[in-house]
Amino acid sequence: MFTGIITGVGRIVDVQDLGRSFQHGKRLRIEAPAGYLDDVVLGDSIALNGACMTVVELAAPHFFIEIGRAHV
């Protein structure tokens, strides 16, 4: 559960289209502070500006999320 406590500030460093239309969504690469991803695994949720996002890829110090499409 998101508690509202900010534990780090990241930076969006890349945005990729997941298809040719807005319905396909976007993939964001976010740079996290040093050590922030040490205990993060694929499938974990990270709250971004109050919205929980699922980590779909890790490549420290970056993590990736996808928005605008459902994951099955």
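Q: Which residues does His-62 touch, not counting residues up to four places away in sequence?
A: Contact means heavy atoms within 4.5 Å. His-62 touches Val-13, Arg-29, Ile-30, Glu-31 and Leu-37. This is a predicted model, in which local features need pLDDT of at least 70, side-chain atom pairs count only at pLDDT 80 or more, and totals for chains, interfaces and linings use all residues. Residues are numbered from 1 along each chain as its sequence is written, and side-chain values use heavy atoms, with hydrogens and water left out.

Q: Is His-62 buried or exposed?
A: Buried means under 20% relative accessible area, exposed over 50%, and partly exposed in between (1.4 Å probe, protein chains only). His-62 has a relative accessible area of 16%, so it is buried.

Q: Where is the place of His-62?
A: Helices (H or I, at least four residues) and strands (E, at least two) are DSSP runs, numbered from the N terminus. His-62 is in strand 6, residues 62-67.

Q: How many bridges pair strand 2 and strand 6?
A: Two strands pair if DSSP finds at least two bridges between them. Strand 2 and strand 6 have six, in the antiparallel sense. Arg-27 has Glu-66 in strand 6 as its bridge partner.

Q: Which residues make up the largest nonpolar core?
A: Such a core is a set of buried Ala, Val, Leu, Ile, Met, Phe, Trp, Tyr and Cys residues joined through side-chain atoms within 4.5 Å. Here the largest has ten residues, including Leu-28, Ile-30, Ile-46, Phe-63 and Ile-65. Strand 2 and strand 6 are the elements that give two or more residues to this core.
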